Amino acid sequence: GTFLFELWRGRPLRMAMTLLAIAVAGSLASLHIRKVPAAGSAEPFRWNPFHEILEGARSLRARKTLAFSVLGISWFWFVGALFQMAVLLAAKEMLHVPEARVGLLVTALAAGIGLGSILAGTLSGDHIDLGLVPLGSALMGIFAVALGVTHSYNTAIVCLAGVGLAGGLFVVPLNAYLQAHAGAHEKGRILTTNNFANMLGVIIASSVLWLLHDKLHWNAGGIILALGVVMLAGTIYVVRVLPAATLRIVLLGVTKLLFRVRVEGRENIPLAGGALLVSNHISYADSVLLGYATPRIPRFLMWQPIFDAAFVRPFFQVLGAIPIATDSPKNTIRALRAARAELERGELVAIFPEGQISLSGELERFERGFERIVSGTGAPIIPMHVHGIYGHPVSRKGGEVFRSWEHLWRPLVTVRVGEPIYGPVSAQELHRIVLDLGTDDKELLGDVLPLLGQSE
C-alpha cells in the first residue's frame, strides 16, 4: 500500500485497479484449495450473526485451554495492529523517513511473521508444541523494547523483522491447538468466536493508540517501548500457565546445543493414551534424551534423593516426575501405584528398570517394578535404547572414551524406539529386547568393543 501510494500518489484509479487485480488473483487461486467434507455439525442456519458467537463464548468459558488460545491469538492481533500503526508514527517522529521507506518497515514486520510461522512449523514437526508460545512472547518483548529506544532506520528494520518472527512462533502453535482441539461439532463456532475476538483486539489497539498518542501525547517510541515491557510481563504469565511446555522447550534447546540427537522409530511412541517407556540408563541426561523422542512430556520415576536435590527439585515437580522413596517397601509401592494411576489417566510414564546408571556402559539386570506399573492397564510397553553418550561427562565414566574432539562437542546420540509390547513380558525378556535395540547398531559396537579389549 505505501509503495503504491508513493508511486501513484495522484492517481487513485491505478491503485484501485492494482488492488482489485490482486483480489481477483487471490480468489481464483482459492478455487484450487482441496475440497474436504463438512465437519459434521447438524446446527441449523440462524439469521442472528451473534448467536454463534455467544454460544462459542459459552463453550470457551467451560474449556479454559481453548479460551487461553483465543486470548493469546487475540493478543497477537492487538499487538500486530498497534505495532503497525505505531510504526507509521515512528517513521515520522523518530526516523524521519519518506513513504517508500515506511513501506519497508511494514514489510519487515510482515515478512518476519511469515518466516516465524514457517520456523514454528519446522520446529514443531508433526505435533503442536506450545512451548514455542512463551519463547515467542519473550522475543517479541525484547525486540519491541529495542525498537522503542532506537533512532536508527536499519536497526528498526531488524527489530521489526525480529518482532514479526517471534510473533509467528507465538501465534502458530495457538492457532494449531485451537483447530486441533475444538470438537468437530463446534469447530466452526469456535473459530468464528476466535475471529470476532481477534477483530476486537484490532479495534482496542486503535483505541489504545488514540488514548496514548492523541490524548496523553506519548510519542511513538514510548508507546512501542511500553508495549514491549507489557509483553515481557505477559511472558511471565504465559510461563505460569504453561510451565511444563516452557521447561521442555528450554531442555530441548540445550539438548540440541550439546548433542546431535538421532531418533529411530519415533512413530512407535503413541501420540495419545497411556504407555510405559522402558530404557537403558547410561547417563544423567537419559531423561532429557528420551523426552526428545516424543512431543509429549513423560512422567519419569526417579529415586527420592535425586528428586529432593534442592537445585533441581522445582524442575522435576514441573515435569511431573514421580519420586521413589528408598526408606521402606511401602513407599516404593506407593510410587509404583502413582505411576500406574498416571498410565490409567492416559499419560506417558518412563522408567529405567536397571535402577541406576551403568558404570560399564553395558545393560545391567532389570528389576521387576515395571510389571506392577503396567499390569492390568492395557497400556503398551515401549522399549527404548540410548547410546553414543557413554564416556561423555554426563555419564558415570565421563571422559574416559573420548577419542577425538567430536566425541566431546556435540557427539551423535541415537535414541532407538522399539515396537510396542502388549501383554505380559518378563524382566528377562524385556532386558533382551532392549539389549537387541542397542547391539544391532554398528556405532554402539564401535564404542563398546574397545572397552572390552577387542578390536573394531
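Of the 456 residues in the chain, 41% are buried, meaning under 20% relative accessible area with a 1.4 Å probe and protein chains only. This is a predicted model, in which local features need pLDDT of at least 70, side-chain atom pairs count only at pLDDT 80 or more, and totals for chains, interfaces and linings use all residues. Residues are numbered from 1 along each chain as its sequence is written, and side-chain values use heavy atoms, with hydrogens and water left out.

**Overall architecture**
- The chain contains 18 helices and 7 strands, taken as DSSP runs numbered from the N terminus (helices H or I, at least four residues; strands E, at least two).
- Along the principal axes, the C-alpha atoms fill a box of roughly 85 × 60 × 45 Å.
- Among contacts (heavy atoms within 4.5 Å) with a separation of 6 or more, 78% join residues 24 or more positions apart.

**Surface and charge**
- The accessible surface, by the Shrake-Rupley method with a 1.4 Å probe, comes to about 24200 Å², and 64% of this surface belongs to carbon and sulfur atoms.
- The chain carries 39 positive and 33 negative side chains, with the centres of the two sets 9 Å apart; Lys and Arg count as positive, Asp and Glu as negative, and His and the chain ends are not counted.

**Positive patch**
- Lys-330, Arg-334, Arg-337 and Arg-372 form a positive surface patch, where like charges are joined within 9 Å and each residue has over 30% relative accessible area and no salt bridge (a side-chain nitrogen of Lys or Arg within 4 Å of a carboxyl oxygen of Asp or Glu).
- Helix H14 (residues 329-344) gives the most to this patch, with 3 residues.
- Arg-337 lies in helix H14 and counts as exposed because its relative accessibility is 58%, the cut-off being over 50%.

Technical notes. Patches are made of residues with over 30% relative accessible area and no salt bridge: like charges are joined within 9 Å, nonpolar side chains (Val, Leu, Ile, Met, Phe, Trp, Tyr) within 5 Å. The place of a charge is taken as NZ of Lys, CZ of Arg, CG of Asp or CD of Glu.
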